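Please look at the aromatic rings and at one of the pockets in the structure shown here. The paragraphs below take them in turn.

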Amino acid sequence: MTEAKPQAAAAPSRAGMKKELPDHFKAYRHVWVFVEVERGQVHPVSFELMGEGRKLADRLGVELAGVVLGPPGEATQAAVAECFAYGADLAYLIEDPLLADYRNEPFSKALTDLVNTYKPEILLLGATTLGRDLAGSVATTLLTGLTADCTELAVDQDGSLAATRPTFGGSLLCTIYTLNFRPQMATVRPRVMAMPERRERPIGRVVRHPLGLIEDDIVTKILSFLPDRDAGTSNLAYADVVVAGGMGLGAAENFQLVRGLARTIGAEFGCSRPVVQKGWMPSDRQIGQTGKTIRPKLYIAAGISGAIQHRVGVEGADLIVAINTDRNAPIFDFAHVGIVADAIRLLPALTDAFARRLSPHNRDKLAG
Ligand SMILES: Cc1cc2nc3c(=O)[nH]c(=O)nc-3n(C[C@H](O)[C@H](O)[C@H](O)COP(=O)(O)OP(=O)(O)OC[C@H]3O[C@@H](n4cnc5c(N)ncnc54)[C@H](O)[C@@H]3O)c2cc1C
């Protein structure tokens, strides 16, 4: 009679979710960043992601690649060169006139073809309007996972991508894995990651690939291009100085005080979410988890309590100055300078003081 051997304990894994990768996924290696080029301009989030991609690739001991899709011409070539300047080892390039303006079909086909041919393990995109649209359709076509709006990316002990993002209305952070499918895809919003340093003498290899489409294959047609009337007026995400107001300002007309200070010191202005919900400020001025993420050198927050959903959008600021009447307001827990004061009175006083100090006449007198 033979004794039954005790069963070997299952290898530890995340809640038993990780299985041996199917053979057809084992060839997937390297980290890719989709380089978003629109009307000849690379979106800065692509370079922020390049910095993050470099860290992941180094951790995994693999290459970092940029993916550039665009029409033949100088702007597309310049985007390739910028990939190397921001740390890519190589660039995958599809140049085709059909990629002149963003349309979901040709861009999705281009990116899915590249993934199926060259097999990246990790694919990162900016959580911009374009990036969100593209990432969703590419992940769906590839039948893989996509973690949207990540705030942190890391490589786990077993080499899996640990993609962290806010959940439950921003009150918790969760880490999401795509354990059994490839590639592991994630989007990250502009300004969440720091901009890496640009290298002086960049070099790298270029892998060209055909698009394999003709205009008749594409249902969506570009008839003309009408720039957004307000485009370019709000540059919150990339501003060096931001002044923002919250519900503590009490009424729509008091936001003149925020605008006035911002104008005087050459800053952008913003607000918390309920201010937008009240209709006191337009939605493109909202800062926070469901608004813009900012990374200014100076952030002045007036009458803002500092709820977690606001905090996640501003904690990359170098210097946070908070004005609040409540000395126990949560914003004082992460502000570098806290002023317990009535913002309705302090904002005009600050504006006045800055105006006097910054006027060329007085500046000369003060310096003398
Ligand atoms: C899913 C979800 C997403 C969200 N996304 C965002 C987001 O992107 N951005 C965001 O900001 N919020 C967001 N919120 C809302 C967030 O939870 C808070 O409700 C919001 O940030 C509070 O705005 P507030 O600080 O302006 O207002 P309040 O919380 O009402 O705080 C007002 C503050 O002003 C102070 N104050 C009052 N009078 C004065 C005065 N005269 N001078 C100075 N201080 C004064 C008060 O002490 C208080 O601290 C989100 C919430 C959810 C559920």
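**Rings, charges and a pocket**

The charged end of Arg39 lies over the ring of Phe225, at 3.6 Å from its centre. A charge sits over a ring if NZ of Lys or CZ of Arg is within 6 Å of the ring centre and within 35 degrees of the ring normal. Arg285 is placed likewise over the ring of Phe269, with its charged end 3.9 Å from the centre. This is a predicted model, in which local features need pLDDT of at least 70 and side-chain atom pairs count only at pLDDT 80 or more, while totals for chains, interfaces and linings use all residues. Residues are numbered from 1 along each chain as its sequence is written, and side-chain values use heavy atoms, with hydrogens and water left out.

Seven aromatic pairs occur in the structure (rings of Phe, Tyr and Trp, the last by its six-membered ring, with centres within 6.5 Å; planes under 30 degrees apart count as stacked, over 60 as edge-to-face and the rest as tilted). One of them joins Trp32 and Tyr92, a tilted pair with 4.5 Å centre to centre and 35° between the planes. It links distant parts of the chain, as Trp32 is in strand β1 (residues 31–35) and Tyr92 in strand β5 (residues 90–95), 60 residues apart. Strands (E, at least two residues) and helices (H or I, at least four) are DSSP runs, numbered from the N terminus. Trp32 and Tyr92 are both buried, that is, under 20% relative accessible area with a 1.4 Å probe and protein chains only.

Phe255 and Trp280 also form a tilted pair, with 5.9 Å between centres and 50° between planes. Here Phe255 belongs to helix α5 (residues 255–265) and Trp280 to the loop between α6 (273–277) and β15 (298–302), 25 residues apart. Phe255 counts as buried because its relative accessibility is 0%, and Trp280 counts as buried because its value is 18%. Elsewhere, ring pairs link Phe25, Tyr28 and Phe181 into a cluster.

Turn now to the second largest pocket. A pocket is an open set of points on a 1 Å grid over the protein atoms alone, where a 1.4 Å probe fits, with protein on both sides within 12 Å along at least five of seven lines; lining residues have an atom within 4 Å of a point. The lining of the second largest pocket has 24 residues, and Thr151, Pro166, Val192, Val312 and Glu315 lie nearest its centre. Helix α7 gives the most to this lining, with four residues.

Conventions. Buried means under 20% relative accessible area, exposed over 50%, partly exposed in between (1.4 Å probe, protein chains only).
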